[in-house]
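Hi,

Here is the structure I promised to pass on. Have a look at it first, and then read my notes below.

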Amino acid sequence: MTRRMTIAAGLVVLSACAGQPKDTITVSEPDSPFIAFNVWVKAGSQNDPAGKEGLAALTAALLADGSTTADAYDQILAKLYPMAAGYGSSVDKEMTVFTGRVHRDNLEAYYTLFKNALLSPAFAEADFERIKAQTLNFLERSRRYNRDEELSKELLFWMAYRGTPYEHPEEGYVESVQSITLDDVRAFYDQYYARNNVVLGVGGGYSDGFVERVRADFDALPARTVTPVAPPQPAMPDGIHVLIVEKQTDASAISLGFPIDLLRSDPDFYAMMAVNSWFGEHRNSFSHLYQVIRELRGMNYGDYSYIEAYPAGFATQVPPTNVSRRSQLFEIWIRPISLTAPGTLHDRTLFATRAAVRELQTLVDGGMSPGALEAAKGFLHNYTVNWGSTISRRLAYAIDDAFYGMPGAGFLASIRPGLAALDTATVNTAIRRHLQSGNMYVIFVTADAQAMKRKLLSGEPTPITYASEQSAAHMAEDALIAAYPLPVREENITILGIDEVFERR
Amino acid sequence: MRRLIGALLLLAAATGAAAQQDGGIFPFDYRLVELDNGFKAYLINAGAPGQIAYLSVVRTGSRDEVEPGKSGFAHFFEHMMFRGTDKYPEYDAITAGMGAARNANTSNDRTAYYLVASSEYLEQIVDLESDRFMNLKYPEPDFRTEAGAVLGEYQQGALTPGRWLNEKIRETAFDRHTYRHTTIGFEADVRAMPEGYEYSISFHRRFYRPENVVLVLVGDFDADGAEALVRQYYTGWAPGYQAPDIPVEPTQRATRRKIVRYPGRTLPILSVNYKAPAWSATDKAAVALEVLGEVAFGPNSDLYRKLVIDERRVQYLSGNFGLSRDPDLASIATMIVRPDDVAAVEGEIQATVDRFKTELVDATTLDDTKSNLKYGFLMGLETAQNVAFALIPYVVNTGGIEAVDAYYRTLDTITPEDLRAAAERFLVDSGKTVVTMVQAGGER
């Protein structure tokens with residue numbers, strides 16, 4: 001695609017620019033002292049060969065974090081250091097991106113390093129061993145022991161996409177990463193890092209002719225035939241399917257969700273964006289789930305929902321970019337539920353889960369009220385300006401626009417008009433089309449998995465207690481939540497030990 | 001999977017680092033509004049059109065938790081600040097109506113509250129923020145409910161190796177000063193929080209006072225209008241800050257060692273800490289120590305090259321020599337690949353310390369490090385929120401932002417001899433605390 005965008009104050013203005021190089025996306029902001037790069041390679045973890053899961057991520061990491069034919073890795077670090085600049089890679093299911101930002105004082109020296117990293121990698125054995133060891137440490141230890149809530153989300157996607165190219169985590173499995181060789185990395189690079197498979201993004205205060213130069217440099221890559229991967233077709237689960245990961249812990253992580261047929265480029269998207277914002281805006285007290293579970297009941301730190309993939313949500317207030325996908329889940333994230341005395345961990349865990357499922361069904365049954373819709377529209381009207389606050393983010397959104405084939409001036413610029421056009425009839429039709437609560441995957445990371453399983457199968461109420469007296473109305477609603485049906489068949493409950501998680505395919 | 005190469009400060013400069021010969025490094029003009037009650041507001045026009053970042057820094061954090069059983073309370077109190085007042089009982093709903101991004105966070109030395117919003121809401125925000133700082137009100141049941149959310153926050157990171165280790169480092173290195181506990185607090189204290197309602201009222205009365213709070217307003221606004229609003233809404237705030245009597249840490253006399261067993265899986269983490277002086281913009285010894293941390297243990301250091309890149313004996317190496325309001329720790333951390341290599345890696349760190357006590361760093365390395373620190377600061381000034389946040393440490397340590405320019409002027413004067421002197425003075429065995437975290441039950 002060919003386009004050029006100028007952005008001020010979060011408002012995107014599209015201006016056609018004849019003669020823009022092919023497969024190049026620019027966000028020109030001539031007054032900016034920064035230049036941002038975002039190089040999109042059209043390959044992700046879905047392109048990993050069977051048994052070599054994690055190869056796309058390892059390849060990108062080796063380029064971003066390794067030597068080039070011009071400089072050894074330590075020399076690269078030394079050259080970047082005085083600029084306080086760097087570059088990084090990010091690999092998702094469908095996309096690999098390399099991003100960086102630099103002050104224009106340092107552009108020439110920086111660009112040489114950035115370009116070499118992508119076009120002239122050394123594939124040094126020592127770099128490969130270092131990165132592979134770091135990846136394995138992440139897989140064997142950090143992923144399993146750092147943050148149960150993030151692990152529960154990864155497991156939700158794993159369950160929902162079994163049997164599809166989205167099944168495995170981007171980082172791969174322990175055994176698959178162990179099997180990856182430097183030759184595998186070279187072959188992956190040769191296959192996908194091709195001039196017809198790479199889109200260049202440049203943003204900020206670059207000078208005339210710079211973009212053409214970058215494109216010419218990257219045109220030195222050979223052309224390759226890249227076979228497209230068919231979009232995943234995840235099946236809707238039949239009923240509630242539960243995965244319990246057993247771990248020594250006194251808090252439970254909970255994720256639940258199901259596939260939805262909804263992408264950013266679909267007509268229903270803005271309706272569902274408003275619905276989701278009201279129901280579960282990310283890390284925001286505006287979220288209805290947050291109000292029900294945290295604010296009123298103090299059960300945990302927050303409760304949110306999603307209509308697009310949102311990895312590493314614990315670390316960011318704004319949506320991740322460059323995680324564009326052709327299939328998405330509706331996802332609810334219930335932050336860790338802790339054990340407080342009196343009460344049992346599993347009762348509290350299931351109470352919070354029941355509360356979330358019940359609220360979801362209430363939304364499906366009753367739809368959004370005009371007041372709730374207006375509140376969501378009002379909130380998002382200004383709040384979403386934050387999503388494009390930096391040049392790097394505006395450029396990343398432009399890359400995602402290219403992925404989705406967003407019409408007009410792109411996603412960020414379409415949010416306000418998209419929301420303004422909504423009415424309750426449209427929104428409530430979209431809710432009924434996309435949401436339900438009978439079929440879903442539920443992931444628990446918790447202690448004593450067998451006890452949890454028994455409690456689930458028993459169907460008995462799971463009440464909670466409070467440190468202070470609550471109103472009669474509050475207690476009456478609690479009784480409804482505690483007994484809310486969560487029907488699960490025994491054959492649909494899977495138990496895994498923590499050290500089995502993502503060990504192998 | 002996301003990775004970042006190069007400096008942690010992956011930022012660009014609002015102005016060239018070289019272009020600060022006259023004036024200071026801070027590239028924006030600002031106006032200081034000082035009220036008779038001691039309240040200070042810094043008004044800075046920067047960032048994108050139509051946006052403001054409204055940052056209130058309370059110079060109270062977990063450092064101020066001097067009473068036994070009250071660790072974590074500054075952070076808990078931060079949560080209560082969102083529970084409303086008589087005038088505006090629905091703080092969340094009002095700010096959501098603006099579409100404002102709003103949040104808060106607490107650390108050792110401060111609690112910071114912010115909103116990022118459209119400029120059109122400036123007056124409403126001044127009204128809302130001044131009101132909750134002056135007139136916060138919440139019933140006891142709300143207080144007890146919020147305590148549950150804080151416990152949840154404690155739990156969501158409780159078993160991460162970093163938190164586990166940091167708790168043990170602080171308990172080992174400090175005897176009396178409140179840096180002995182982390183900001184989130186001891187678990188027993190967090191669990192006891194529902195009983196602390198009366199204490200919370202006194203916490204607000206003593207610390208949420210105009211002399212102890214600094215407003216940093218950054219963005220697109222009319223400065224005269226903003227000043228008038230600040231005067232209108234904050235003048236009625238009665239002074240009365242009662243500084244806590246924070247225990248002075250006695251001088252450490254000998255190296256301390258502790259082995260911590262982590263209940264999950266981890267490679268061994270070695271943490272070497274030295275007692276460091278308080279932050280200063282003008283004390284060359286303090287600034288030199290911060291620079292030394294970068295030179296000796298940063299991503300461009302010889303030791304990083306050796307251990308991380310060439311020999312691959314550690315997964316990472318970092319030097320965190322950023323100083324605090326009171327004397328704190330200068331820390332070196334590394335994750336070691338082979339458990340039987342821990343002692344040898346500690347030896348490498350010690351050899352590096354010894355080397356910097358005797359050898360002078362070369363001029364290029366020092367210049368590159370200064371450049372990195374300056375660009376690192378300047379490149380973070382892209383948005384109004386970035387600018388406001390970049391100023392927090394200066395507000396915390398000095399009560400104002402004037403020290404930004406002073407700090408970078410001092411940085412310019414640092415010589416190789418200053419680094420050697422800082423190493424000799426501060427990186428001493430008698431001030432050292434070594435904590436090694438290993439996996440409980442050993443590596444399988």
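A word on naming before the rest: helices (H or I, at least four residues) and strands (E, at least two) are DSSP runs, numbered from the N terminus.

The model is predicted, so local features need pLDDT of at least 70 and side-chain atom pairs count only at pLDDT 80 or more, while totals for chains, interfaces and linings use all residues. Residues are numbered from 1 along each chain as its sequence is written, with chains lettered from A and ligands numbered from 1 in the order in which they are written.

**The two chains**

Chain A has 17 helices and 13 strands. Its radius of gyration is 24 Å, close to the 23 Å that the globule rule gives for 505 residues, so chain A is as compact as a globular protein of that length. (The radius is taken over C-alpha atoms, and the rule is 2.2 Å times the number of residues to the power 0.38.) Along the principal axes, the C-alpha atoms of chain A fill a box of roughly 70 × 50 × 40 Å. Of the 505 residues in chain A, 56% are buried; a residue is buried if 20 or more other C-beta atoms lie within 10 Å of its own, exposed if 12 or fewer, and partly exposed in between, with C-beta atoms placed from the backbone.

Chain B comes to 16 helices and 12 strands. A compact globule of 444 residues would have a radius of gyration near 22 Å, and the 23 Å of chain B agrees with that. The box for the C-alpha atoms of chain B is roughly 65 × 55 × 45 Å, again along the principal axes, and 52% of the 444 residues count as buried.

Contacts reach well along the sequence in both cases. I call two residues in contact if their C-beta atoms, placed from the backbone, lie within 7 Å. In chain A, residues 24 or more positions apart account for 81% of the contacts with a separation of 6 or more. In chain B, 82% of the contacts between residues at least 6 apart in sequence join residues at least 24 apart.

**Where they meet**

The contact takes 72 residues from chain A and 64 residues from chain B. On the chain B side, the elements that give two or more residues are strand S1 (2-4), helix H2 (91-98), strand S6 (111-118), helix H4 (140-157), helix H10 (302-310) and helix H12 (363-378). H4(B) supplies the largest share, 13 residues. By class, this side of chain B has 30 nonpolar, 22 polar and 12 charged residues. Here Ala, Val, Leu, Ile, Met, Phe, Trp, Tyr, Cys and Pro count as nonpolar, Asp, Glu, Lys and Arg as charged, and the others, Gly among them, as polar.

**A strand and a helix in chain A**

Have a look at strand S6 (residues 96-103) of chain A: eight of its eight residues are buried, so S6(A) is largely enclosed by the rest of the structure. Thr96(A), Phe98(A), Gly100(A) and Val102(A) lie on one side, with Val97(A), Thr99(A), Arg101(A) and His103(A) on the other.

S6(A) has two partners (strands pair if DSSP finds at least two bridges between them). Strand S4 (residues 34-41) of chain A pairs with S6(A) in the antiparallel sense over eight bridges, and Phe34(A) stands opposite His103(A). Strand S5 (residues 86-91) of chain A also runs antiparallel to S6(A), joined by six bridges, with Tyr87(A) opposite Gly100(A). S5(A) and S6(A) form a hairpin with four residues between them.

Then there is helix H3 (residues 107-119) of chain A. Its buried residues are Leu107(A), Tyr110(A), Tyr111(A), Leu113(A), Phe114(A), Ala117(A) and Leu118(A). They cover an arc of only 160 degrees around the axis, which puts them on the same side of H3(A); the arc is that of the directions from the helix axis to the C-beta atoms. Their cover includes S4, helix H1 (55-64), helix H2 (73-80), S5 and S6 of chain A.

**Two residues to check**

Phi of Ala84(A) is near 50 degrees, a positive value in a residue other than glycine. Ala84(A) is in the loop between H2 and S5 of chain A and is buried, with 28 other C-beta atoms within 10 Å. Phe502(A) has a positive phi too, near 55 degrees, and counts as buried with 23 C-beta neighbours inside 10 Å.

Cheers
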